[in-house]
Amino acid sequence: SISPSNGKKIAIIGAGPSGLSCAYFLRMGGFEVEIFETKSIPGGMVSEAIPEFRLKMESLQKDIQRIEKLGVKIHYNSKIDSQLFARLRSEYDSVYIATGAQRFKTLQMEGENAEGILNAFEFLKSAKQGNLSDLGKNIIVIGGGNTAMDVARTAKRMARPGSSVKVLYRRSRTEMPADVDEIKALLAEGIELLELVAPEKLVLSENRISSIVCAKMELVKSENEN
């Protein structure tokens, strides 16, 4: 049950997982809570990019409805500029910033802006919105984290029959930061994992990637390891 009101007002910037979780626990603790979200929908990366085979949107909607029933107000289409931020700081006892990390790594290789090379988030977002065209016959995913697993598994579902989906990772499967269950699911779906390969150069033909030159890596124990 909700604790008695403590008279404190909290503003939360961002209606993603962090902001929603913070709102829930603060509200249960007796705080008055309002969330300010830039977009027209809540959920952040979860609603925009996480594939439905990992998390159903119905589950997210139930969580949001539960939070709103507790009395948390969510203000959508609220772009936080300097004026609004100053107002939040003056009108609320505390401001919790839950804007997320929305900058993504790049390959930092010549030609990475060529046609057919996609940012992981933009790919997942476009796939969820149904805005992706033919991915081609040979699909390469670079990386070994959970996002890379999501991209590869989504690409496998969207690819034309007979297409190849491969994941390149510079270390071995043991060192992959992705959850073990995510890696097992990847392999069970027929996606090939190429270990100990580090992309070094993108070879382009008419502004499309024709091949990737990789270095073969080797795991070496440091002097501090037993």
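Colleague: At what angle do the axes of helix 6 and helix 7 cross?

Modeller: In this predicted model the axes of helix 6 and helix 7 (residues 180-188) come within 10 Å and cross at roughly 25 degrees, which makes helix 6 roughly parallel to helix 7. Angles under 35 degrees count as roughly parallel, over 145 as roughly antiparallel, 65 to 115 as roughly perpendicular and the rest as oblique. Axes are lines fitted to C-alpha atoms, for helices over the stretch in contact, with angles running from 0 to 180 degrees between N-to-C directions, and helices are DSSP runs (H or I, at least four residues) numbered from the N terminus.

Colleague: Which residues of helix 6 and helix 7 meet?

Modeller: Asn146, Met149, Asp150, Ala152 and Arg153 in helix 6 meet Glu182, Ile183, Ala185 and Leu186 in helix 7, where contact means heavy atoms within 4.5 Å. The residues of this contact divide into 5 nonpolar, 1 polar and 3 charged; Ala, Val, Leu, Ile, Met, Phe, Trp, Tyr, Cys and Pro count as nonpolar, Asp, Glu, Lys and Arg as charged, and the others, Gly among them, as polar.

Colleague: And how do helix 5 and helix 6 cross?

Modeller: The axes of helix 5 (residues 120-129) and helix 6 (residues 146-158) come within 10 Å and cross at roughly 40 degrees, which makes helix 5 oblique to helix 6. Ala120, Phe123, Leu124 and Ala127 in helix 5 meet residues of helix 6 including Val151, Ala155 and Met158, and the contact divides into 7 nonpolar, 2 polar and 1 charged.

Colleague: What about helix 1 and helix 3?

Modeller: Helix 1 and helix 3 (residues 57-69) pack at an angle of about 35 degrees, with their axes 10 Å apart. Leu20, Ala23 and Tyr24 in helix 1 meet Leu60, Ile64 and Ile67 in helix 3, a contact of 6 nonpolar, no polar and no charged residues.

Colleague: Switching topic, what lines the second largest pocket?

Modeller: The second largest pocket is lined by 19 residues, of which Gly44, Ala98, Thr99, Gly100 and Gln102 lie nearest its centre, and by class the lining has 8 nonpolar, 8 polar and 3 charged residues. A pocket is an open set of points on a 1 Å grid over the protein atoms alone, where a 1.4 Å probe fits, with protein on both sides within 12 Å along at least five of seven lines, and lining residues have an atom within 4 Å of a point.

Colleague: Which helices supply at least two residues of that lining?

Modeller: Helix 1 (17-28) and helix 2 (45-48) each do.

Technical notes: Residues numbered from 1 in each chain as written. Predicted model: local features only at pLDDT ≥ 70, side-chain atom pairs only at ≥ 80, totals over all residues. Heavy atoms only, no water.
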